[in-house]
Amino acid sequence: MLLLTIDFIIFFHFVIVIFITSLLFLIPLGYKLNWKLLHNKTVRKTHLGLMSFVTFEAIIGMTCPLTMVENYLSGMSQNETFISYWLGKVIYWNFPSIFFTIIYCLCLTWIILMWRIFPPKK
């Protein structure tokens with residue numbers, strides 16, 4: 001049961017990463033192709049809010065709450081599943097924290113610019 005919980009949390013973490021990352025590219029494309037979902041203000045606010053939170057965490061040096069839970073639960077289990085191993089490889093890169101802080105700040109800046117260039121519709 002514990003392994004399923006770890007897998008669920010890391011999968012949820014992965015979905016958030018994919019959501020934030022993919023919309024960085026899909027919003028301009030969706031705006032040009034008139035994709036209704038990417039004009040949705042709730043989707044855009046969620047995207048901005050998540051990236052703002054991630055950037056704020058990086059700036060103050062805070063560990064992501066999902067990462068803390070994953071680490072805590074992984075410490076309780078001796079085993080690692082296929083899912084948690086490979087999703088962990090995708091999510092966690094071995095670079096200095098300043099690298100991520102700079103990348104997150106650039107991404108947040110792009111998201112804010114997209115609100116101006118590709119505004120959500122009412």
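This is a predicted model: local features need pLDDT of at least 70, side-chain atom pairs count only at pLDDT 80 or more; totals for chains, interfaces and linings use all residues.
Helices, each at least four residues long, and strands, each at least two, are runs assigned by DSSP and numbered from the N terminus.

**Exercise 1: The overall layout**

Find which pattern the protein chain follows along the sequence, and how much of the chain is buried.

Solution. 
- Step 1: Start with the secondary structure, which comes to five helices and zero strands.
- Step 2: Read along the sequence, and the pattern is α-α-α-α-α.
- Step 3: Turn to the extent of the chain: the C-alpha trace spans about 50 × 30 × 20 Å along its principal axes.
- Step 4: Buried means under 20% relative accessible area; such residues make up 33% of the 122 in the protein chain.
- Step 5: Look at contacts between residues at least 6 apart in sequence: 80% of them join residues at least 24 apart.

**Exercise 2: The largest nonpolar core**

Work out which elements give two or more residues to the largest nonpolar core.

Solution. 
- Step 1: The core has 14 residues, and those touching the most other members are Ile20, Leu23, Leu24, Ile27, Met51, Ile111 and Met114.
- Step 2: The elements giving two or more residues to this core are helix H1 (2-32), H2 and H5.
- Step 3: H1 gives the most, with five residues.
- Step 4: Zoom in on Leu24: leaving out residues up to four places away in sequence, Leu24 touches His47, Cys107, Trp110, Ile111 and Met114.

**Exercise 3: A charged residue under cover**

Locate Glu57 and find which side chain of opposite charge is nearest.

Solution. 
- Step 1: Glu57 sits in helix H2, which covers residues 41-60.
- Step 2: Glu57 is buried, yet has no salt bridge.
- Step 3: The nearest side chain of opposite charge belongs to Arg44, 20 Å away.
- Step 4: Now list the contacts, not counting residues up to four places away in sequence: Glu57 touches Met62, Thr63, Cys64 and Pro65.

Notes
Residues are numbered from 1 along each chain as its sequence is written. Side-chain values use heavy atoms; hydrogens and water are left out. Buried means under 20% relative accessible area, exposed over 50%, partly exposed in between (1.4 Å probe, protein chains only). Lys and Arg count as positive and Asp and Glu as negative; His and the chain ends are not counted. A salt bridge is a side-chain nitrogen of Lys or Arg within 4 Å of a carboxyl oxygen of Asp or Glu. Contact means heavy atoms within 4.5 Å. A nonpolar core is a set of buried Ala, Val, Leu, Ile, Met, Phe, Trp, Tyr and Cys residues joined through side-chain atoms within 4.5 Å.
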